[in-house]
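Subject: Structure handover

Hello,

Here is the structure for your files.

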Amino acid sequence: MLAAPGVGWLVVFFAAPLALVAAFSVMPRGPYGGVEPGFTFEAYQRFLVPIYLTTLGRTLLLSLACTALCLALGFPVAYAISRSGRWKTLLLVLVVLPLWTSFLVRTFAMIFLLRDTGLVNQWLLATGLVREPLTLLYTPGAVLAGLVYGFLPFMILPIYASLEKLDLALLEAAEALGARPAARLRRVVLPLAMPGIVAGSLLVFVPALGSFLTPDLLGGAKQLMLGNLIQNQFSAARNWPFGSAASLVMLALVLAAVVAWLHLRDRAEELA
(Lines give C-alpha, C1' and ligand atoms only; values in the text may rest on other atoms or scores of the structure.)
Protein backbone atom coordinates (compact mmCIF):
# COMPACT_ATOMS: atom_id res chain seq x y z
CA MET A 1 0.00 0.00 0.00
CA LEU A 2 2.84 2.38 0.76
CA ALA A 3 4.37 1.74 -2.66
CA ALA A 4 1.08 2.10 -4.52
CA PRO A 5 1.22 5.91 -5.09
CA GLY A 6 4.76 5.78 -6.43
CA VAL A 7 4.05 2.74 -8.59
CA GLY A 8 0.89 4.35 -9.92
CA TRP A 9 2.78 7.54 -10.78
CA LEU A 10 5.41 5.54 -12.70
CA VAL A 11 2.76 3.54 -14.56
CA VAL A 12 0.83 6.64 -15.63
CA PHE A 13 3.74 8.91 -16.52
CA PHE A 14 6.44 6.41 -17.58
CA ALA A 15 5.20 2.93 -18.47
CA ALA A 16 2.09 4.03 -20.37
CA PRO A 17 3.86 6.72 -22.47
CA LEU A 18 6.71 4.28 -23.15
CA ALA A 19 4.24 1.65 -24.36
CA LEU A 20 2.66 4.31 -26.58
CA VAL A 21 6.05 5.20 -28.06
CA ALA A 22 6.76 1.50 -28.68
CA ALA A 23 3.43 1.16 -30.47
CA PHE A 24 4.06 4.27 -32.61
CA SER A 25 7.45 2.92 -33.67
CA VAL A 26 5.86 -0.01 -35.55
CA MET A 27 3.00 1.93 -37.15
CA PRO A 28 3.02 3.63 -40.58
CA ARG A 29 3.43 7.38 -40.77
CA GLY A 30 0.30 9.39 -41.53
CA PRO A 31 0.21 11.59 -44.67
CA TYR A 32 0.06 14.76 -42.56
CA GLY A 33 2.12 13.54 -39.61
CA GLY A 34 1.19 11.30 -36.74
CA VAL A 35 0.54 7.61 -37.34
CA GLU A 36 -1.91 5.35 -39.15
CA PRO A 37 -3.23 1.91 -38.16
CA GLY A 38 -0.93 -0.86 -39.32
CA PHE A 39 2.28 -2.68 -38.55
CA THR A 40 5.69 -2.10 -40.10
CA PHE A 41 9.39 -2.02 -39.23
CA GLU A 42 10.08 0.74 -41.74
CA ALA A 43 11.11 3.21 -39.04
CA TYR A 44 13.78 0.84 -37.68
CA GLN A 45 15.01 0.06 -41.19
CA ARG A 46 15.34 3.77 -41.89
CA PHE A 47 17.53 4.15 -38.82
CA LEU A 48 20.14 1.95 -40.57
CA VAL A 49 20.76 4.66 -43.18
CA PRO A 50 24.43 5.81 -42.94
CA ILE A 51 23.54 9.39 -42.00
CA TYR A 52 21.63 8.23 -38.92
CA LEU A 53 24.29 5.70 -37.98
CA THR A 54 26.79 8.56 -38.19
CA THR A 55 24.61 10.57 -35.82
CA LEU A 56 24.47 7.59 -33.46
CA GLY A 57 28.26 7.17 -33.60
CA ARG A 58 28.79 10.89 -32.95
CA THR A 59 26.44 10.71 -29.98
CA LEU A 60 28.25 7.75 -28.45
CA LEU A 61 31.68 9.28 -29.08
CA LEU A 62 30.81 12.66 -27.56
CA SER A 63 29.06 11.04 -24.58
CA LEU A 64 32.04 8.78 -23.84
CA ALA A 65 34.48 11.66 -24.30
CA CYS A 66 32.38 13.82 -21.98
CA THR A 67 32.37 11.07 -19.35
CA ALA A 68 36.14 10.56 -19.62
CA LEU A 69 36.89 14.29 -19.38
CA CYS A 70 34.52 14.75 -16.46
CA LEU A 71 36.27 11.88 -14.68
CA ALA A 72 39.74 13.28 -15.41
CA LEU A 73 38.73 16.74 -14.18
CA GLY A 74 36.35 15.72 -11.43
CA PHE A 75 38.44 13.16 -9.54
CA PRO A 76 41.22 15.60 -8.49
CA VAL A 77 38.60 18.17 -7.49
CA ALA A 78 36.65 15.64 -5.44
CA TYR A 79 39.83 14.40 -3.75
CA ALA A 80 40.91 17.95 -2.92
CA ILE A 81 37.50 18.80 -1.46
CA SER A 82 37.46 15.64 0.65
CA ARG A 83 40.77 16.72 2.21
CA SER A 84 40.02 20.45 2.51
CA GLY A 85 39.00 20.47 6.18
CA ARG A 86 36.97 23.50 7.21
CA TRP A 87 36.77 24.73 3.59
CA LYS A 88 34.82 21.64 2.57
CA THR A 89 31.34 23.18 2.76
CA LEU A 90 32.34 26.29 0.81
CA LEU A 91 33.96 24.25 -1.95
CA LEU A 92 30.92 22.02 -2.24
CA VAL A 93 28.71 25.09 -2.58
CA LEU A 94 30.96 26.35 -5.38
CA VAL A 95 30.65 23.00 -7.17
CA VAL A 96 26.84 23.04 -7.11
CA LEU A 97 26.54 26.80 -7.64
CA PRO A 98 26.25 26.54 -11.46
CA LEU A 99 23.27 24.21 -11.01
CA TRP A 100 21.36 27.07 -9.41
CA THR A 101 21.27 28.77 -12.82
CA SER A 102 19.18 27.70 -15.79
CA PHE A 103 20.98 25.27 -18.10
CA LEU A 104 19.89 27.42 -21.04
CA VAL A 105 21.52 30.51 -19.52
CA ARG A 106 24.76 28.61 -18.92
CA THR A 107 24.75 27.39 -22.52
CA PHE A 108 24.32 30.92 -23.83
CA ALA A 109 27.23 31.95 -21.62
CA MET A 110 29.35 29.35 -23.45
CA ILE A 111 28.30 30.96 -26.75
CA PHE A 112 29.50 34.36 -25.52
CA LEU A 113 32.82 32.78 -24.57
CA LEU A 114 33.44 30.81 -27.77
CA ARG A 115 32.12 33.01 -30.55
CA ASP A 116 34.52 34.90 -32.86
CA THR A 117 34.24 38.08 -30.79
CA GLY A 118 34.02 36.19 -27.51
CA LEU A 119 36.25 36.34 -24.47
CA VAL A 120 38.45 33.39 -25.48
CA ASN A 121 39.29 34.77 -28.91
CA GLN A 122 39.78 38.27 -27.52
CA TRP A 123 42.27 36.93 -24.99
CA LEU A 124 44.13 34.93 -27.64
CA LEU A 125 44.35 37.99 -29.88
CA ALA A 126 45.46 40.25 -27.03
CA THR A 127 48.26 37.89 -26.00
CA GLY A 128 49.45 37.46 -29.57
CA LEU A 129 48.91 33.70 -29.63
CA VAL A 130 46.77 34.01 -32.77
CA ARG A 131 46.50 36.63 -35.51
CA GLU A 132 42.84 36.10 -36.33
CA PRO A 133 39.91 34.70 -34.38
CA LEU A 134 39.66 30.93 -34.19
CA THR A 135 36.51 29.05 -35.15
CA LEU A 136 35.57 27.67 -31.76
CA LEU A 137 31.79 27.76 -31.97
CA TYR A 138 29.74 25.22 -33.95
CA THR A 139 32.44 22.57 -33.70
CA PRO A 140 32.64 19.18 -31.96
CA GLY A 141 34.99 20.77 -29.43
CA ALA A 142 32.37 23.36 -28.53
CA VAL A 143 29.74 20.67 -28.00
CA LEU A 144 32.13 18.63 -25.87
CA ALA A 145 33.08 21.68 -23.81
CA GLY A 146 29.41 22.49 -23.21
CA LEU A 147 28.61 18.93 -22.16
CA VAL A 148 31.55 18.77 -19.76
CA TYR A 149 30.68 22.15 -18.27
CA GLY A 150 27.06 21.12 -17.78
CA PHE A 151 27.63 17.67 -16.27
CA LEU A 152 30.91 18.01 -14.36
CA PRO A 153 29.21 18.53 -10.95
CA PHE A 154 27.42 15.20 -11.38
CA MET A 155 30.82 13.51 -11.53
CA ILE A 156 32.41 15.41 -8.66
CA LEU A 157 29.69 14.85 -6.05
CA PRO A 158 29.48 11.00 -6.15
CA ILE A 159 33.26 10.67 -6.15
CA TYR A 160 33.48 13.09 -3.23
CA ALA A 161 30.90 11.01 -1.33
CA SER A 162 33.16 7.96 -1.71
CA LEU A 163 36.44 9.73 -0.95
CA GLU A 164 35.01 11.52 2.07
CA LYS A 165 34.61 8.12 3.75
CA LEU A 166 38.23 7.15 3.03
CA ASP A 167 40.10 6.30 6.23
CA LEU A 168 43.40 8.18 6.27
CA ALA A 169 44.89 5.39 8.36
CA LEU A 170 44.86 3.21 5.24
CA LEU A 171 47.02 5.71 3.38
CA GLU A 172 49.36 6.02 6.35
CA ALA A 173 49.66 2.25 6.55
CA ALA A 174 50.42 2.04 2.82
CA GLU A 175 53.06 4.75 3.19
CA ALA A 176 54.60 2.96 6.16
CA LEU A 177 54.84 -0.19 4.05
CA GLY A 178 56.83 1.68 1.41
CA ALA A 179 54.11 2.45 -1.15
CA ARG A 180 54.85 5.47 -3.32
CA PRO A 181 52.14 8.12 -3.92
CA ALA A 182 51.23 6.62 -7.30
CA ALA A 183 50.97 3.16 -5.77
CA ARG A 184 48.82 4.47 -2.89
CA LEU A 185 46.51 6.11 -5.39
CA ARG A 186 46.26 3.00 -7.53
CA ARG A 187 46.04 0.35 -4.82
CA VAL A 188 44.13 2.17 -2.05
CA VAL A 189 42.31 5.31 -3.21
CA LEU A 190 40.96 4.18 -6.58
CA PRO A 191 39.44 0.85 -5.41
CA LEU A 192 37.68 2.58 -2.51
CA ALA A 193 36.50 5.41 -4.77
CA MET A 194 35.31 3.08 -7.53
CA PRO A 195 31.61 3.07 -6.45
CA GLY A 196 31.58 6.87 -6.70
CA ILE A 197 33.41 6.76 -10.04
CA VAL A 198 30.88 4.29 -11.43
CA ALA A 199 27.91 6.31 -10.14
CA GLY A 200 29.35 9.58 -11.44
CA SER A 201 30.09 8.07 -14.84
CA LEU A 202 26.54 6.82 -15.10
CA LEU A 203 25.10 10.20 -14.05
CA VAL A 204 27.18 11.92 -16.75
CA PHE A 205 26.95 9.42 -19.62
CA VAL A 206 23.17 8.92 -19.59
CA PRO A 207 22.11 12.60 -19.76
CA ALA A 208 24.94 13.37 -22.21
CA LEU A 209 23.60 10.62 -24.47
CA GLY A 210 20.18 12.26 -24.59
CA SER A 211 21.32 15.88 -24.66
CA PHE A 212 19.84 18.02 -27.43
CA LEU A 213 20.08 21.63 -26.21
CA THR A 214 23.88 21.79 -26.01
CA PRO A 215 24.60 20.36 -29.49
CA ASP A 216 21.80 22.45 -30.96
CA LEU A 217 23.15 25.75 -29.61
CA LEU A 218 26.91 25.06 -29.60
CA GLY A 219 27.23 22.62 -32.48
CA GLY A 220 24.95 23.99 -35.15
CA ALA A 221 23.44 21.86 -37.90
CA LYS A 222 26.58 19.76 -38.46
CA GLN A 223 27.00 18.49 -34.89
CA LEU A 224 23.55 17.08 -34.18
CA MET A 225 23.24 14.23 -31.71
CA LEU A 226 20.60 11.58 -31.25
CA GLY A 227 18.55 13.82 -28.95
CA ASN A 228 18.34 16.47 -31.69
CA LEU A 229 17.24 13.84 -34.20
CA ILE A 230 14.41 12.69 -31.92
CA GLN A 231 13.32 16.26 -31.18
CA ASN A 232 13.22 17.15 -34.89
CA GLN A 233 11.19 14.08 -35.79
CA PHE A 234 8.51 14.86 -33.22
CA SER A 235 8.40 18.60 -33.97
CA ALA A 236 9.42 19.86 -37.41
CA ALA A 237 9.37 16.61 -39.41
CA ARG A 238 6.27 15.21 -37.66
CA ASN A 239 7.55 11.70 -38.31
CA TRP A 240 6.32 10.08 -35.12
CA PRO A 241 7.18 6.46 -36.04
CA PHE A 242 10.82 7.28 -36.79
CA GLY A 243 11.10 9.52 -33.74
CA SER A 244 9.68 6.72 -31.60
CA ALA A 245 12.07 4.18 -33.09
CA ALA A 246 15.03 6.48 -32.44
CA SER A 247 13.80 6.99 -28.88
CA LEU A 248 13.72 3.24 -28.27
CA VAL A 249 17.21 2.88 -29.75
CA MET A 250 18.43 5.49 -27.28
CA LEU A 251 16.59 3.70 -24.47
CA ALA A 252 18.35 0.45 -25.42
CA LEU A 253 21.72 2.22 -25.31
CA VAL A 254 20.91 3.69 -21.89
CA LEU A 255 19.85 0.31 -20.53
CA ALA A 256 23.04 -1.29 -21.87
CA ALA A 257 25.11 1.44 -20.20
CA VAL A 258 23.26 1.02 -16.91
CA VAL A 259 23.76 -2.74 -16.90
CA ALA A 260 27.47 -2.36 -17.70
CA TRP A 261 28.01 0.30 -15.04
CA LEU A 262 26.12 -1.65 -12.40
CA HIS A 263 28.29 -4.65 -13.18
CA LEU A 264 31.37 -2.46 -12.71
CA ARG A 265 29.96 -1.16 -9.44
CA ASP A 266 29.42 -4.69 -8.12
CA ARG A 267 32.97 -5.62 -9.08
CA ALA A 268 34.27 -2.46 -7.42
CA GLU A 269 32.40 -3.25 -4.20
CA GLU A 270 33.88 -6.76 -4.24
CA LEU A 271 37.39 -5.34 -4.64
CA ALA A 272 36.78 -2.75 -1.92
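The notes below go from the overall picture to single residues.

This is a predicted model, in which local features need pLDDT of at least 70 and side-chain atom pairs count only at pLDDT 80 or more, while totals for chains, interfaces and linings use all residues. Residues are numbered from 1 along each chain as its sequence is written, and side-chain values use heavy atoms, with hydrogens and water left out.

Overall

The protein has 12 helices and 0 strands (DSSP runs numbered from the N terminus; helices are H or I with at least four residues, strands E with at least two). The C-alpha trace spans about 75 × 65 × 35 Å along its principal axes. Of the 272 residues, 36% count as buried (under 20% relative accessible area; exposed is over 50%, partly exposed is in between, with a 1.4 Å probe and protein chains only). The accessible surface is about 15,600 Å², and 71% of that belongs to carbon and sulfur atoms (Shrake-Rupley method, 1.4 Å probe; for residues, only the protein chains shown count as cover). Among contacts (heavy atoms within 4.5 Å) with a separation of 6 or more, 67% are between residues 24 or more positions apart.

Nonpolar patch

Trp87, Leu90, Val93, Leu94, Leu97, Leu99, Trp100, Phe154 and Leu203 make a nonpolar surface patch of about 850 Å². Patch residues have over 30% relative accessible area and no salt bridge; nonpolar side chains (Val, Leu, Ile, Met, Phe, Trp, Tyr) are joined within 5 Å, like charges within 9 Å. Helix H4 (residues 88–96) gives the most, with 3 residues. Leu94 lies in this helix, H4, and counts as partly exposed at 47% relative accessibility.

Salt bridge

How many salt bridges does a search of the whole structure find? The count is 1, where a salt bridge is a side-chain nitrogen of Lys or Arg within 4 Å of a carboxyl oxygen of Asp or Glu. Glu164 pairs with Lys88, and their closest N and O atoms are 3.8 Å apart. Glu164 lies in the loop between helix H7 (140–163) and helix H8 (168–176), and Lys88 in helix H4, so the pair ties together parts 76 residues apart in sequence. Glu164 is partly exposed, at 37% relative accessible area.

Ser244

Ser244 is in helix H12 (residues 240–271) and is buried, with a relative accessible area of 0%. Beyond its neighbours within four places in sequence, Ser244 is in contact with Val21, Phe24, Ser25 and Phe234.

Regards
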